[in-house]
Amino acid sequence: AARRAAEATSPAEASPEAATAAPEEPATFVEPEGWRDAVQTTFTTATDGGKRIYWINEQSREEIFVGPLRPGADVRFNSYPGHEFHIYAGGEHLKTITIPLGLASAVFCA
């Protein structure tokens, strides 16, 4: 509908049928089942070293600090499939973790 309206150069050129026709329905996208079901996520470590967890914003790719990761002090929160996390120790990027599809809970060791 938007394209047809853009092709007409004036309201007089648009057909009455186009003006009264129902707008087109937006496309329907079907996500895989479970795609946005929360995943109980746990990060754990057995070694010290000043580890930190960052969530990666899907749109901006900005790293958002989640918290420190210390031995014996698991970090637990709900996340979603496709969410990406970076683990750092000092200034070094140790690993990237992506929450997989189809899990109710997940434990990641850093």
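Along the sequence, the protein chain runs α-α-β-β-β-β-β-β-β, a total of two helices and seven strands (DSSP runs numbered from the N terminus: helices are H or I with at least four residues, strands E with at least two). This is a predicted model, in which local features need pLDDT of at least 70 and side-chain atom pairs pLDDT 80 or more, while totals for chains, interfaces and linings use all residues. Residues are numbered from 1 along each chain as its sequence is written, and side-chain values use heavy atoms, without hydrogens and water.

**Whole chain**
- Of its 110 residues, 25% count as buried (under 20% relative accessible area, 1.4 Å probe, protein chains only).
- Among contacts (heavy atoms within 4.5 Å) with a separation of 6 or more, 59% join residues 24 or more positions apart.

- Leaving out residues up to four places away in sequence, Val75 touches Thr41, Thr42, Phe43, Ile53, Val66, Pro68 and Leu69.

**Glu84**
- Glu84 lies in strand β5 (residues 84–89).
- Glu84 is buried, because its relative accessible area is 18%.
- Its side chain makes polar contacts (N or O atoms within 3.5 Å, one able to donate a hydrogen and the other to accept it; residues adjacent in sequence count only if both atoms are side-chain atoms) with the side chains of Arg61 (3.0 Å) and His86 (3.2 Å).
- Beyond four places in sequence, Glu84 touches residues including Tyr54, Trp55, Arg61 and Thr96.

Methods
Buried means under 20% relative accessible area, exposed over 50%, partly exposed in between (1.4 Å probe, protein chains only).
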